[in-house]
Amino acid sequence: MTYEGEGDGGGGEQVPRHREIPHYHGDETRVLFVISAVILIVAKSTGGDIPLTAFATVVSAVILVVAAGITNPAQFWIHWLNALLAVYGTILFGTTAVEHYRAGLSIFDGSFIYVETLALLSLIALYFTTRTVRGLHQRPRY
């Protein structure tokens, strides 16, 4: 078995190498969803003008964190759900960012920065999720 790190025989713990799965980007999607959930809560609690009520913001953050937590390469359905969440986030926050910009809101305004960041994180998550779905459908079952 291959291990990461230097095996000096000193009796220290060795960590097995991460198994590479071609075209699997669930780890990246997981990180993007957790970061988005944190930004949602921070934005709403600091008075950012995001297109969700306080309740919907917290529910959305919980859904993103739960989806991130159960994302794994063995289940196809979670990647489809992740794609749906990423599409929804991209559309919701992307259109809000464009509306804020067209309304003359400064690009340095906190509300604009929050929604623009959430739109971009959702867009990147959509890319990684789409690559994962594509890769999972093209590979043999593990």
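Visitor: Where do D27 and R30 lie?

Guide: Both D27 and R30 belong to helix α1. They are three residues apart, which is about one turn of that helix. Please keep in mind that this is a predicted model.

Visitor: What does D27 form with R30?

Guide: D27 forms a salt bridge with R30, and their closest N and O atoms are 2.7 Å apart. In general, side chains of opposite charge can pair when their charged atoms come close.

Visitor: How many salt bridges does a search of the whole structure find?

Guide: The search finds one salt bridge.

Visitor: How exposed is D27? And R30?

Guide: D27 has a relative accessible area of 32%, so it counts as partly exposed. R30 is also partly exposed, with a value of 25%.

Visitor: Let us change topic. What is the secondary structure of the chain?

Guide: The chain has four helices and zero strands. Along the sequence, this gives the pattern α-α-α-α.

Visitor: How long is α2?

Guide: Helix α2 covers residues 54-70, which is 17 residues. From its first C-alpha to its last, α2 reaches 25 Å, close to the 24 Å expected at 1.5 Å a residue.

Visitor: Which residues of α2 are buried?

Guide: The buried residues of α2 are T57, A61, L64, A67 and A68. Seen down the axis of α2, these buried residues fall within an arc of 130°, so they line one face of the helix.

Visitor: What covers them? And what is on the other side?

Guide: The cover over the buried residues of α2 includes α1 (26-45) and α3 (76-102). On the other side of α2, F55 and G69 are exposed.

Visitor: Now S111. Is that residue buried or exposed?

Guide: S111 has a relative accessibility of 11%, so it counts as buried; the cut-off for buried is under 20%. S111 is located in helix α4 (residues 110-138).

Visitor: What does S111 touch?

Guide: Leaving out residues up to four places away in sequence, S111 touches G47, G48, D49, H100 and L105.

Visitor: Finally, how much of the chain counts as buried?

Guide: Of the 142 residues, 35% count as buried. The accessible surface of the chain is about 8,800 Å², and 65% of that belongs to carbon and sulfur atoms.

Notes
Residues numbered from 1 in each chain as written. Predicted model: local features only at pLDDT ≥ 70, side-chain atom pairs only at ≥ 80, totals over all residues. Heavy atoms only, no water. Helix = DSSP H or I, 4+ residues; strand = E, 2+ residues; numbered from the N terminus. Buried < 20%, exposed > 50% of the residue type's maximum accessible area, 1.4 Å probe, protein only. Contact = heavy atoms within 4.5 Å. Expected span 1.5 Å × (residues − 1). Arc of directions from axis to C-beta. Salt bridge = Lys/Arg side-chain N within 4 Å of Asp/Glu carboxyl O. Areas by Shrake-Rupley, 256 points an atom, 1.4 Å probe, with all protein chains shown as cover.
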